[in-house]
Amino acid sequence: MAAVLGQFMEFHPVHGTNVRLDPSRTQATRVESFANGVCFSKDPLSPGEIFLVEIEEKELGWCGHLRIGLTAHDPRTLETVPEYSLPDLVEMGDSWVFAITRNHNKVVEDEGEVGEQPNVSGEIENKPKTFFTNTHLYVENVCIPLDKLVGRSRPGRYSHILDDLYKSNALPPTARRSRIGVVYVPKGQGYADMHIIINGEDMGASAKRIPTNKPLYAIVDVFAATKCVRIVQVEYGFASLQTLCRKTIQKHIIHRMALDWLELPELLKHYCKYE
């Protein structure tokens, strides 16, 4: 993963006509209508590098949600940015886009292609998920830090009620604060599979045998009911001492509001609750 260390993710200055970027180019808002919200990553992605966004604002009255994927088209070479990623950009070729829905985002693999992995003794492992303790998401041979992949509720008096949802990654994919990313995984020489990650869970290979002879840019279509998204920066490499301390504290609590019972500085409690 050395190739992706330190890369700061931004949106490309080329985007749909209804998109407004903030000064940092990490937030994209569709300012009118329901279409012309196609955005691209500023730079091509490296293998195993995730482009992750959080849904910040919704708009009622539209049918459809965020769309995300990859394209081999350099945004600078486009005469005009298509009105829709699906079907317009896909029909141009060399683009692969997945439409996020409230349900049914999991890709069903052919029987026999995937399955539970046995441990060294030959038995199927069925370990229960623990609260805030998993450190990485493994997508085939790619390892992604899990710390930023799962959305969190806004700080609030009753936000701990959602902890059970976060344990099972059951926050609705199209909800505010949901985090959705795209990554491609090398599959033999010259090809890769595209995976969509929703709140820390791999949805499977939504596109297979994507040629990797050209640079691949992320596509984010701020479409219909999705009005505003923000890029979430994912840190690769060794965790900081601050992160390790936070994880150690979180490992021994029942839910976030249990931190209020600990004799810790208020700033540290807040950091452990909502990060």
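## A buried aromatic pair

Phe51 counts as buried, at 0% relative accessibility. Buried means under 20% relative accessible area, exposed means over 50%, and partly exposed lies in between (1.4 Å probe, protein chains only). Phe11 is buried too, with a relative accessible area of 0%. This is a predicted model: local features need pLDDT of at least 70, side-chain atom pairs count only at pLDDT 80 or more, and totals for chains, interfaces and linings use all residues. Residues are numbered from 1 along each chain as its sequence is written, and side-chain values use heavy atoms, with hydrogens and water left out.

Five aromatic pairs turn up in a search of the whole structure. Phe11 and Phe51 make an edge-to-face pair, 5.9 Å centre to centre with 70° between the planes. The pair links distant parts of the chain. Phe11 sits in the segment before strand 1 (19–21), and Phe51 in strand 4 (residues 51–58), 40 residues apart. Rings of Phe, Tyr and Trp (its six-membered ring) pair if their centres lie within 6.5 Å; planes under 30 degrees apart count as stacked, over 60 as edge-to-face and the rest as tilted.

## A partly exposed pair and its cluster

Phe34 is partly exposed at 28% relative accessibility. Trp62 is also partly exposed, at 36%. Phe34 and Trp62 form a tilted pair: 5.0 Å centre to centre, 40° between the planes. Phe34 lies in the loop between strand 2 (27–30) and strand 3, while Trp62 lies in the loop between strand 4 and strand 5, 28 residues apart.

One aromatic cluster takes in Phe34, Trp62, Tyr84 and Phe223. Arg67 lies over the face of Phe223, 3.9 Å from the ring centre. Arg209 has its charged end over the ring of Tyr191, at 3.9 Å from the centre. A charge sits over a ring if NZ of Lys or CZ of Arg is within 6 Å of the ring centre and within 35 degrees of the ring normal.

## Strand 12

Strand 12 (residues 217–221) is largely enclosed by the rest of the structure, because five of its five residues are buried. Both faces are covered. Tyr217, Ile219 and Asp221 are buried on one side, Ala218 and Val220 on the other.

Strand 12 pairs in the antiparallel sense with strand 3 (residues 38–40) over three bridges. Cys39 has Val220 as its bridge partner. Strand 5 (residues 67–71) also pairs with strand 12 in the antiparallel sense, over five bridges. Here Leu70 stands opposite Ala218. Two strands pair if DSSP finds at least two bridges between them.

Seven strands form an open antiparallel sheet in the order 1-2-13-4-9-10-11. Strand 1 and strand 11 (201–211) stand at the edges with a single partner strand each, so one side of each lacks a neighbour in the sheet. Neighbouring strands are turned by 25° against each other on average, direction ignored. Axes are lines fitted to C-alpha atoms, for helices over the stretch in contact, and angles run from 0 to 180 degrees between N-to-C directions.

Strand 10 (residues 191–198) pairs with strand 11 in the antiparallel sense over six bridges. Ile198 has Glu201 as its bridge partner in strand 11.

## The chain as a whole

The protein chain has four helices and 13 strands. Helices (H or I, at least four residues) and strands (E, at least two) are DSSP runs, numbered from the N terminus. Of its 275 residues, 48% are buried.

Residues 24 or more positions apart account for 70% of the contacts (heavy atoms within 4.5 Å) with a separation of 6 or more. The accessible surface comes to about 14600 Å², and 54% of this belongs to carbon and sulfur atoms. Accessible areas come from the Shrake-Rupley method with a 1.4 Å probe; for residues, only the protein chains shown count as cover.
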